[in-house]
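Here are my notes for you, point by point. Keep the structure open while you read and try to find each spot yourself.

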Amino acid sequence: MRGWFQTQEVAPRVYAISEPGHFEEVISYLIEGEERAILFDTGMGIANIREEVMALTGRAITIVNSHSHWDHVGDNYRFPLIAIHYAEAHLLREGASSEELRREMRAEMFVQPPPVGFEPSQYKISPSRASLLLDEGSPLDLGKRALTVLHTPGHSPGSISLLEEKEGLLFSGDTAYAGPLYAQLPGSDFDLYGESMERLARLVPQLSLVLPGHNVTPLDPAILVEMAKGFGQIASGEATYEFESSPWGRVRHYRFERFSVYLSE
Ligand SMILES: [Zn+2]
């Protein structure tokens with residue numbers, strides 16, 4: 001039987017660890033260097049991502065969180081070393097158990113059954129503790145493999161992307177993926193989001209792959225240019241939208257060819 005995770009080597013020693021069994025289709029990434037490895041996000045905590053990762057690498061692992069939202073920090077508590085942007089470190093300590101989480105665990109949210117032993121009604125995000133605070137430009141040295149933290153706020157205040165300049169890899173977290181982008185959540189900031197998209201779009205000539213936090217991976221970097229353009233059209237009032245009701249109240253939904261954007265009314 002296939003397990004909960006689907007793992008794919010998307011670039012040399014970069015493993016995308018997807019959770020296609022839940023409609024969120026969260027993706028975490030194991031990035032392995034000569035001395036250390038980074039796990040960029042820990043998924044939903046529905047299955048044990050630590051076991052999955054230990055089967056792939058013998059290197060010491062540091063968790064780096066793209067941001068603090070529940071669907072990316074679910075298994076943080078299984079690891080001792082956690083790095084996150086300083087603006088969201090305090091949110092890890094709270095964990096999460098809420099209406100929103102229970103809604104996400106309804107049977108219709110699952111595309112395939114959750115693993116045996118997983119109890120949707122008991123679902124919660126265990127608290128975890130940051131041991132390293134990140135900021136714009138923080139270097140991550142894995143031994144013959146170096147990444148840099150880009151602070152790309154907008155979806156959330158402490159959202160980061162990771163850039164591996166040498167290989168042209170951009171790990172874009174929840175800032176950019178080929179699906180509905182959330183610019184309307186508590187803590188979201190549409191103007192900052194637009195600036196982050198502009199910044200990422202400027203990197204496109206030096207990128208080979210974009211490795212996003214949801215849905216399909218990898219992505220052709222050109223999508224970042226489309227996204228920056230879309231955000232610009234929303235800002236200038238040129239883009240069309242429909243109103244939709246959501247758990248956060250009425251929102252505007254802007255649809256583009258390969259992605260869409262949710263914005264508060
Ligand atoms: Zn998020």
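1. Start with helix 5, which has 15 residues and reaches 22 Å from its first C-alpha to its last. That is close to the 21 Å expected at 1.5 Å a residue, where the expected span is 1.5 Å times one less than the number of residues. Helices (H or I, at least four residues) and strands (E, at least two) are DSSP runs here, numbered from the N terminus.

2. A word on what you're looking at: this is a predicted model, where local features need pLDDT of at least 70, side-chain atom pairs count only at pLDDT 80 or more, and totals for chains, interfaces and linings use all residues. Residues are numbered from 1 along each chain as its sequence is written.

3. Which residues of helix 5 are buried? They are Ile-223, Leu-224, Met-227, Ala-228, Gly-230, Phe-231 and Ile-234. These residues cover an arc of only 160° around the axis, which puts them on the same side of helix 5. The arc is that of the directions from the helix axis to the C-beta atoms. As for the wording, a residue is buried if 20 or more other C-beta atoms lie within 10 Å of its own, exposed if 12 or fewer, and partly exposed in between, with C-beta atoms placed from the backbone.

4. What do the buried residues of helix 5 pack against? Look for helix 4, strand 13 (209-212), strand 15 (249-255) and strand 16 (260-264). Contact means that the C-beta atoms of two residues, placed from the backbone, lie within 7 Å. Just after helix 5, you'll find Gly-237 with a positive phi of about 85°.

5. Now turn to helix 4 (residues 190-203), with 14 residues and a reach of 20 Å from first C-alpha to last, close to the 20 Å expected at 1.5 Å a residue. Its buried residues are Tyr-193, Gly-194, Ser-196, Met-197, Leu-200 and Ala-201. Seen down the axis of helix 4, they fall within an arc of 160°, so they line one face of the helix. Asp-191 and Arg-202, on the other side, are exposed. The buried residues of helix 4 pack against strand 10 (160-164), strand 11 (169-173) and helix 5 (222-236).

6. The loop between strand 13 and helix 5 deserves a visit too. Pro-218 lies in this loop, and a cis peptide bond joins Thr-217 and Pro-218, with omega about -10°. Asn-215 has its place in the loop between strand 13 and helix 5 as well. Asn-215 has a positive phi of about 65° although it is not a glycine. Is Asn-215 buried, exposed or partly exposed? It's partly exposed, with 17 other C-beta atoms within 10 Å.

7. Asp-41 is another residue other than glycine with a positive phi, near 80°. You'll find Asp-41 in the loop between strand 4 (36-40) and helix 1 (49-54). With 28 C-beta neighbours inside 10 Å, Asp-41 counts as buried.

8. On to the open sheet of seven strands, which has the order 1-2-3-4-5-6-7 and mixed pairing. Two strands pair if DSSP finds at least two bridges between them. The edge strands, each pairing on one side only, are strand 1 (6-11) and strand 7 (132-134).

9. Strand 1 and strand 2 (residues 14-18) pair in the antiparallel sense over five bridges, and the bridge partner of Thr-7 is Ile-17 in strand 2. These two strands form a hairpin with two residues between them, and Arg-13 in the turn has a positive phi of about 60°. Strand 6 (residues 82-85) and strand 7 pair in the parallel sense over three bridges. Here Ala-83 has Leu-132 in strand 7 as its bridge partner.

10. Leu-92 sits in helix 2 (residues 89-94). This residue is buried, with 21 other C-beta atoms within 10 Å. Leaving out residues up to four places away in sequence, Leu-92 touches several others, including Val-73, Ile-84 and Pro-127.

11. Last, zoom out: the chain has five helices and 16 strands. Of its 265 residues, 44% count as buried.
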